[in-house]
Amino acid sequence: MDTRRRSVLAAGAAGAVALVAGCADGGDASTPAPTEGAATPTDNAQASAPSGEELARTADIPVGGGTVFKEQEVVVTQPAAGQFKAFSAICTHQRCTVGSVSDGLINCPCHDSKFRIEDASVAAGPAKRPLPAKQITVEGDSILLM
């Protein structure tokens, strides 16, 4: 038996198993139950559409600076033109919310820890660990928190 014929038979057998499984669950044979991890039409539609919460417009984040979004507990920076980064706005020292971004630094008002806008590494303590990165994406001129 050639390889093409085996592939067609294997695909047919898989379809028959799905059909029987759908009927065994009391489901409609025309709509077999999705398998775990399988994409559904809804998943595909969501995958192609931008997702996430819009935080700001790109023009709202100054080059060499940033903005703190207290409600979302995130700080977005723009170390160089068109390069956007996001980090947790919760200081790694004692969990205060950072208060501002100035002179290339993210500033915590509680104990004066400072973090670099490029990578959130510690520029001045007492904090010893960098701010954790957050995932954002830029869609057009919108910055979205993922």
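Reader: What makes the link of Cys96 and Cys110 count as a disulfide?

Author: In this predicted model, the sulfur atoms of Cys96 and Cys110 are 2.1 Å apart. The cut-off for a disulfide is a pair of cysteine sulfur atoms within 2.5 Å. The value of 2.1 Å is within 2.5 Å, and therefore Cys96 and Cys110 are counted as a disulfide. In general terms, a disulfide is a covalent bond between the sulfur atoms of two cysteines.

Reader: Is the link of Cys96 and Cys110 left-handed or right-handed?

Author: The link is left-handed, with an angle of -110° about the S-S bond. As for its place in the chain, the pair links distant parts, 14 residues apart. Cys96 belongs to the loop between strand 4 (83–88) and strand 5 (100–102), whereas Cys110 belongs to the loop between strand 6 (105–107) and strand 7 (114–116).

Reader: Why is Cys96 called buried?

Author: The relative accessible area of Cys96 is 18%. A residue is called buried under 20%, so Cys96, at 18%, is buried.

Reader: How do you know whether Cys110 is buried, partly exposed or exposed?

Author: Cys110 has a relative accessibility of 37%. Buried requires a value under 20%, and exposed a value over 50%. As 37% lies in between, Cys110 counts as partly exposed.

Reader: Why is Cys91 in no disulfide?

Author: The nearest cysteine sulfur to Cys91 is that of Cys108, which is 3.8 Å away. A disulfide requires sulfur atoms within 2.5 Å, and 3.8 Å is therefore too far for a bond between Cys91 and Cys108. A search of the whole structure finds one disulfide.

Reader: Are Cys91 and Cys108 buried or exposed?

Author: Cys91 has a relative accessibility of 2%, and Cys108 has one of 3%. Both values are under 20%, so Cys91 and Cys108 count as buried.

Reader: How many helices and strands does the chain have?

Author: The chain has two helices and 10 strands. Of the 146 residues of the chain, 29% count as buried.

Reader: What is the order of the strands in the open sheet of four strands?

Author: The order is 5-6-7-8, with antiparallel pairing. Neighbouring strands of this sheet are turned by 35° against each other on average, direction ignored.

Reader: What makes strand 5 and strand 8 (122–124) edge strands?

Author: Each of these two strands pairs on one side only.

Reader: How do you know that strand 5 and strand 6 pair?

Author: Strand 5 and strand 6 have three bridges between them, in the antiparallel sense. Val101 stands opposite Ile106 in strand 6.

Reader: What is the order of the open sheet of three strands?

Author: That sheet has the order 1-10-9, and its pairing is antiparallel. Its edge strands are strand 1 and strand 9 (136–139). The twist averages 30° from one strand to the next. Strand 9 and strand 10 (residues 142–145) have four bridges, and the bridge partner of Glu139 in strand 10 is Ser142.

Reader: Why is Ser142 called buried?

Author: Ser142 has a relative accessible area of 10%. This value is under 20%, so Ser142 is buried. Leaving aside neighbours within four places in sequence, Ser142 is in contact with Glu54, Ala56, Arg57 and Thr137.

Reader: What makes the link between the side chains of Ser142 and Arg57 a polar contact?

Author: The distance is 2.5 Å.

Reader: Which residue has a side chain joined to that of Glu53 by a polar contact?

Author: The residue is Gln72, and the distance of 2.8 Å is also within the cut-off of 3.5 Å. Glu53 lies in strand 1 (residues 53–57). Not counting residues up to four places away in sequence, Glu53 touches Gln72, Ile143, Leu144 and Leu145.

Reader: Why is Glu53 called partly exposed?

Author: The relative accessible area of Glu53 is 38%. This value lies between 20% and 50%, so Glu53 is partly exposed.

Note on methods:
Residues are numbered from 1 along each chain as its sequence is written. This is a predicted model: local features need pLDDT of at least 70, side-chain atom pairs count only at pLDDT 80 or more; totals for chains, interfaces and linings use all residues. Side-chain values use heavy atoms; hydrogens and water are left out. Buried means under 20% relative accessible area, exposed over 50%, partly exposed in between (1.4 Å probe, protein chains only). Contact means heavy atoms within 4.5 Å. A polar contact is a pair of N or O atoms within 3.5 Å; within protein, one must be able to donate a hydrogen and the other to accept it, and residues adjacent in sequence count only if both atoms are side-chain atoms. Two strands pair if DSSP finds at least two bridges between them. Axes are lines fitted to C-alpha atoms, for helices over the stretch in contact, and angles run from 0 to 180 degrees between N-to-C directions.
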